[in-house]
Amino acid sequence: MNALEVKGLCKNYKEFQLKDVSFCLPKGFVMGYIGENGAGKTTTLNLITHLCHQDAGMVSIGGITYEEDTRRYLESIGFIGDESYFPGTFRLKDVKAVCKMMYSSFQEDKFDQMVENWKLPAKTRIANYSRGMKVKLMFASVLSRDTSILILDEATNGLDPVMRAEVIEMLQEYIMDGEHSILFSTHVLDDLEQIADYIVFIHRGEILLNQTKEELLESYVMVRGDVADLNEGRRRKMIGMIQGAYGFEGLLRSRDAEGFGSMFAIEPADIDHIMLHYIKNGGKENACR
């Protein structure tokens with residue numbers, strides 16, 4: 001069974017439209033949800049978590065829709081954003097009281113153990129916590145409940161390398177039993193290189209790419225060289241091109257690399273470069289002019 005199914009999701013705003021977004025996340029896996037600012041990532045997550053309502057389409061978690069069983073649907077989700085959603089005036093006891101009141105599966109002992117292990121100060125107001133402490137508190141609040149999916153919206157932004165590594169380790173432990181899944185929206189694409197199984201790329205409200213990470217990385221290569229060596233046929237094969245003082249770089253389908261001779265450097269592409277060049281090319285896989 002899929003942990004998450006999104007089918008034909010649409011949302012219309014005055015200056016933005018989310019258009020027919022569909023994807024599935026199997027149990028036990030991590031999906032990276034990527035795109036530039038304003039592409040529709042947060043809108044999609046808000047629709048999944050029902051912070052707003054879709055104009056069309058369907059979302060189910062573990063086969064259950066929000067309309068079929070609202071409480072079960074919402075209790076299945078653990079959400080962690082780039083900003084703490086706890087009031088700055090709260091202390092740990094207040095966070096614990098709210099979680100206990102809102103979620104029937106909240107385990108007080110598990111929460112206490114996590115905050116003790118992470119040395120979160122009990123008497124300090126949340127407003128005075130560091131960024132890393134706030135992230136740990138959000139993780140403690142969701143990992144002490146019986147969730148089936150974590151939804152992360154830029155959760156690792158602004159964290160130092162040590163804290164980011166701790167978060168990645170927590171996420172790996174969360175999915176280890178094969179029953180839990182993660183939808184991870186982030187601009188820190190190095191994190192997705194480490195942990196993601198699937199990549200979904202949204203651009204201007206529409207899904208451009210939806211593949212396993214391995215398939216995605218195997219499908220593209222980077223080409224670098226002198227602009228003077230590019231003929232029309234080679235240009236037409238590139239997806240986005242950036243020119244600089246020392247030549248150019250572009251993105252190619254791996255199958256098209258054979259058309260470039262030894263005067264060009266062909267290297268593996270990473271997720272960052274794939275996204276960048278699609279955006280540079282207007283979200284299209286057509287000729288660079």
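This is a predicted model: local features need pLDDT of at least 70, side-chain atom pairs count only at pLDDT 80 or more; totals for chains, interfaces and linings use all residues.
Residues are numbered from 1 along each chain as its sequence is written, and side-chain values use heavy atoms, with hydrogens and water left out.

Pockets come off a 1 Å grid over the protein atoms alone: each is an open set of points where a 1.4 Å probe fits, with protein on both sides within 12 Å along at least five of seven lines, and a lining residue has an atom within 4 Å of a point. Grid points are joined across faces, edges and corners, and the volume is the space filled by probe spheres set on the points. On that basis the second largest pocket has a volume of about 250 Å³. Helix H4 (108-117), H5 and helix H6 (161-174) each put at least two residues into its lining, with H6 giving the largest share, three residues. Helices here are DSSP runs (H or I, at least four residues) and strands likewise (E, at least two), numbered from the N terminus. Sorted by class, this lining holds six nonpolar, three polar and four charged residues. Nonpolar covers Ala, Val, Leu, Ile, Met, Phe, Trp, Tyr, Cys and Pro; charged covers Asp, Glu, Lys and Arg; the others, Gly among them, are polar.

The largest pocket takes up about 490 Å³. Of its 18 lining residues, Ile77, Phe79, Met102, Tyr103 and Arg145 are the closest to the centre. Strand E6 (77-80), helix H3 (92-102) and H5 supply at least two lining residues each, and the largest share, three residues, is from H3. The class count for this lining is 14 nonpolar, three polar and one charged.

Next comes serine 144, which sits in the loop between helix H5 (131-143) and strand E7 (149-153). Serine 144 counts as buried because its relative accessibility is 0%; buried means under 20% relative accessible area, exposed over 50% and partly exposed in between, with a 1.4 Å probe and protein chains only. A polar atom of its side chain lies 3.4 Å from the backbone oxygen of serine 141. Setting aside neighbours within four places in sequence, serine 144 is in contact (heavy atoms within 4.5 Å) with Ser105, Phe106, Gln107, Lys110, Phe111 and Met114.

As for the cysteines, a search of the whole structure turns up zero disulfides (pairs of cysteine sulfur atoms within 2.5 Å). Cysteine 10 is in none, the nearest cysteine sulfur being that of cysteine 52, 13 Å away. For cysteine 52, the closest cysteine sulfur is in cysteine 10, and those 13 Å are too far for a bond. Cysteine 52 counts as buried, at 18% relative accessibility.

Leucine 51, in the loop between helix H1 (41-48) and strand E4 (56-61), is exposed, with a relative accessible area of 63%.

Finally, some backbone angles. Most residues other than glycine have a negative phi. Aspartate 20, not a glycine, has a positive phi of about 50°; this residue lies in strand E2 (residues 17-26) and is exposed at 53% relative accessible area. Lysine 119 also has a positive phi, near 55°. Lysine 119 is in the loop between H4 and H5 and is exposed, with a relative accessible area of 68%.

Key: A polar contact is a pair of N or O atoms within 3.5 Å; within protein, one must be able to donate a hydrogen and the other to accept it, and residues adjacent in sequence count only if both atoms are side-chain atoms.
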